[in-house]
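Dear colleague,

Please find the structure below, handed over for your records. A summary of the findings comes after it.

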Amino acid sequence: MSSSSTTTTTTRLLMLKASDGVTFEVEEAVATKLGAINNMVEEEGSEDLICLPNVNGKFLGMVLEWCKKHANNNTNSDKGNDEVNKWWDKEFVMDLDQNTLYHLLMAADYLSGTELVDLLTEKVASMIRGKKVEEIRETFKIKSDFLPGQEEEIRKKNSWAFE
Amino acid sequence: MPLFRKAFMGRRCSDLPEDVLEEIFSWLPPESLVRFKCVSKSWYALINFLIKNLEFVNKHLRNIDKKIFSSTYSVFSCLTDLSHCRNISLLHRDMFKSLTVFHEHDYNKSHHLNYVSEDFRLPTPVCNLYLYAALSSHCNGIICLASGSTLVLCNPATKEVRVLPRPCLSFDDLWVQQVVFGYDSRANDYKIVRLVRKRFIRDQMEYYLKSRAEMYSMGIDSWREINGIPVEIDSFADIGKEVFCNGVFYWPVRARNEFIFSFDLFDEEFNIISLPNNPLVSQRDHVTKLAVWNESLALFLYPAESEVPKSIEVWVMDDCSDHDSKGSCSWINKFVIEPLVGGFATPLTFLKNYKLLMQATDGGLILYDLRSQMLHKLTIVQAVSSIPVWEFSYVKSLVSVQGGSRSISFMK
């Protein structure tokens, strides 16, 4: 992508409407970072208003903020820029609480923002990698459904992973 | 399409859909995944399914390099513990150490370097393998150990170990010259190449027959001989100095003249590559060492005299696709590492993010940042008064050592 191509093609604006009625006006190049939007644009073509009934305005805003940054940065991609992107990504998810992270991940998954899903799932993995089984159950709100003795058997078989 | 959904339609693990959970799992180290099997029945089923699934295992492997949180580079080394070993030639090859250095994508913290050192005792295989004398090779988290006609593959991160079928070239009096292990991405198969010479004694003199080569493919779990060794190689340079890059093995050879001997896993072709045309190469006292730089073959070149401060030239092989029968490849003098403050250190291997691992004269490991030219001493390795005798970039992967259909159950 060169800067000349962005000046020759007129920048098309899309309206994205979240579940709570909040709307966002974004450049097509930004919104199509999301696979789901890209598909809609390619299929429907002329439609400028896209309704997203599964995403709340707060999280759609955050997803679009990420898209904007990455759409801009892709125009002059080189090795050094890649490092800057990674640094920006890290800052972007640095202080997200568990609840926000969850909703943002669901939004990114729903909108098929593959790279953003990568970033968020890596963040989740980095938070849980060292945790104990009990802590994982608490974090993900899961109840153990093993029969008595089953869990002990798995632990015994893989004791090295519990050290 | 998420893998698990294809296989187990409609099942859900907690609040997160399986495809999202699968993405999260693809970033976790093997020991966390194994531990999390205990969370619930559905996690158990999902993790068991994924770690046997080639597509997931490959994605997990790719993600190791892509990580931006807790991005690491690991070096796996085998140590000579001087305190337990009076005779330095006796190496404790059952004592492995992995050194993991955490890389921060944060310019402010570039002065800060975190690293952990972990011990690895190799799972003892059922067979008799003399670890002290074993040749070793590493690729994508799997270590291949070879002693005589016994070969073992192991993945320390999953505790998997397997004794391989007997090679086809296994005679009584055998000199195993090389055993190397690598990944053929075009065939999506792991392969081993073994070079051997038969020895015989006549009139109290030792003779060797010509080198013969054979290849093992994990996909079909068997060995077969390969022909076409273009030159007789009496002796390779030091054992373990070969490198593997893009499906090709490269060995440094020091015969009457110096060259690089290569084998392409996909084409199954041996080749000879000449060194860069450089005045240092024609001098007698110089050191060459192979490495991999940005997925290309690279070469460290420096004078051998130990007293003087010396710089290290780094040459990178540009293009070898159109080389003629003489094997002339074009080399580019990529950069020069100026003499380091605090004395000379031997270059070992490039790590990601422009880092170079070096070894000081006292045996300690040094991490050198090529861009900032900063040195970091990794004191933890020195602390055990040990010298790494072989080292390589190591990753904790889920790659299975099982060959054939790979249906054999994991982690028994």
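The notes below cover chain A, its contact with chain B, and then the two domains of chain B.

This is a predicted model, in which local features need pLDDT of at least 70 and side-chain atom pairs count only at pLDDT 80 or more, while totals for chains, interfaces and linings use all residues. Residues are numbered from 1 along each chain as its sequence is written, chains are lettered from A and ligands numbered from 1 in the order in which they are written, and side-chain values use heavy atoms, with hydrogens and water left out.

Chain A contains nine helices and three strands (DSSP runs, numbered from the N terminus: H or I of at least four residues for helices, E of at least two for strands). Their order along the sequence is α-β-β-α-α-β-α-α-α-α-α-α. Of the 163 residues in chain A, 40% are buried, meaning under 20% relative accessible area with a 1.4 Å probe, protein chains only. Among contacts (heavy atoms within 4.5 Å) in chain A with a separation of 6 or more, 60% join residues 24 or more positions apart.

Between the chains, 40 residues from chain B meet 43 residues from chain A. The buried area is about 4,000 Å², with 66% from carbon and sulfur atoms; this is the accessible area (1.4 Å probe) that two parts lose on being put together, summed over both. One salt bridge is found across this interface, that is, a side-chain nitrogen of Lys or Arg within 4 Å of a carboxyl oxygen of Asp or Glu. It pairs D118(A) with K66(B) at 3.5 Å, N to O. On the chain B side, helix 2 (18-25), helix 3 and helix 4 (41-51) each supply at least two residues, and helix 2 gives the most, with five. By class, that side has 20 nonpolar, seven polar and 13 charged residues (Ala, Val, Leu, Ile, Met, Phe, Trp, Tyr, Cys and Pro are nonpolar; Asp, Glu, Lys and Arg charged; the others, Gly among them, polar).

Chain B is assigned domain 1 (1-52) and domain 2 (64-409), with bounds from an automatic or database domain assignment. Five residues of domain 1 are in contact with seven of domain 2, and the two domains bury about 670 Å² between them, 69% of it on carbon and sulfur atoms. The rule finds one salt bridge across this interface, between K396(B) and E31(B) at 3.5 Å, N to O. Helix 3 (residues 30-35) gives the most to the domain 1 side, with three residues.

With kind regards

How values were computed: Buried means under 20% relative accessible area, exposed over 50%, partly exposed in between (1.4 Å probe, protein chains only).
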